[in-house]
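Dear colleague,

Please find below the structure that I am handing over to you, followed by an account of what was found in it.

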Amino acid sequence: MTATAVETAVAIRPPHNEGAMSRLFEPSEVTLEDSILGAWEALTAQGGCECPVCHGELEPGGCATCASSLS
Ligand SMILES: [Zn+2]
């Protein structure tokens, strides 16, 4: 009887791990969005800033180094 309860508890574990993993991914998405938003604000305010992707020179038309664009 006790063994069955332990097996059930072990079987429940995988979904819990998936929930913890999806929660771990959310903060990194917010951080990336925050860094892009900060770069975009500096870009519009100063006409240029550091590229959040390659740390090159980011211009209003896009990055001069890796050609990524924030538009
Ligand atoms: Zn770049």
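**Cys 49 and its surroundings**

Cys 49 has Leu 58, in E2, as its bridge partner. Cys 49 itself belongs to strand E1; here strands (E, at least two residues) and helices (H or I, at least four residues) are DSSP runs, numbered from the N terminus. Please note that this is a predicted model, in which local features need pLDDT of at least 70, side-chain atom pairs count only at pLDDT 80 or more, and totals for chains, interfaces and linings use all residues. Residues are numbered from 1 along each chain as its sequence is written.

Cys 49 counts as partly exposed because it has 19 C-beta neighbours inside 10 Å. On this scale a residue is buried if 20 or more other C-beta atoms lie within 10 Å of its own, exposed if 12 or fewer, and partly exposed in between, with C-beta atoms placed from the backbone. Leaving aside neighbours within four places in sequence, Cys 49 is in contact with Ala 39, Ala 42, Leu 43 and Leu 58, where contact requires that the C-beta atoms of two residues, placed from the backbone, lie within 7 Å. Between the C-alpha atoms of Cys 49 and Gly 38, which are eleven residues apart along the chain, the separation is 9.6 Å.

**The sheet and the overall fold**

The three strands form an open sheet with the order E1-E2-E3 and antiparallel pairing. Strand E1 (49–50) and strand E3 (62–63) are the edge strands, each pairing on one side only; two strands pair if DSSP finds at least two bridges between them. E1 and strand E2 (residues 57–59) run antiparallel and are joined by two bridges.

Of the 71 residues of the protein chain, 4% count as buried. Among contacts between residues at least 6 apart in sequence, 10% join residues at least 24 apart.

Pro 52 lies in the loop between E1 and E2. With 18 C-beta neighbours inside 10 Å, Pro 52 counts as partly exposed. Not counting residues up to four places away in sequence, Pro 52 touches Ser 35, Ile 36 and Ala 39. Pro 52 and Ala 39 are 13 residues apart in sequence, and their C-alpha atoms are 6.9 Å apart in space.

His 55 is also placed in the loop between E1 and E2. Its phi is near 65°, a positive value in a residue other than glycine. Most residues other than glycine have a negative phi. His 55 counts as exposed because it has 11 C-beta neighbours inside 10 Å.

Ala 67, in the segment after E3, has a positive phi of about 65° although it is not a glycine. Ala 67 has 12 C-beta neighbours inside 10 Å and therefore counts as exposed.

**Confidence**

Which elements of the protein chain have the lowest and the highest mean pLDDT? Helix H1 (residues 2–46) has the lowest, at 70, and E3 the highest, at 92. The chain averages a pLDDT of 76, and 58% of the residues score at least 70; pLDDT is the predictor's confidence in each residue, from 0 to 100.
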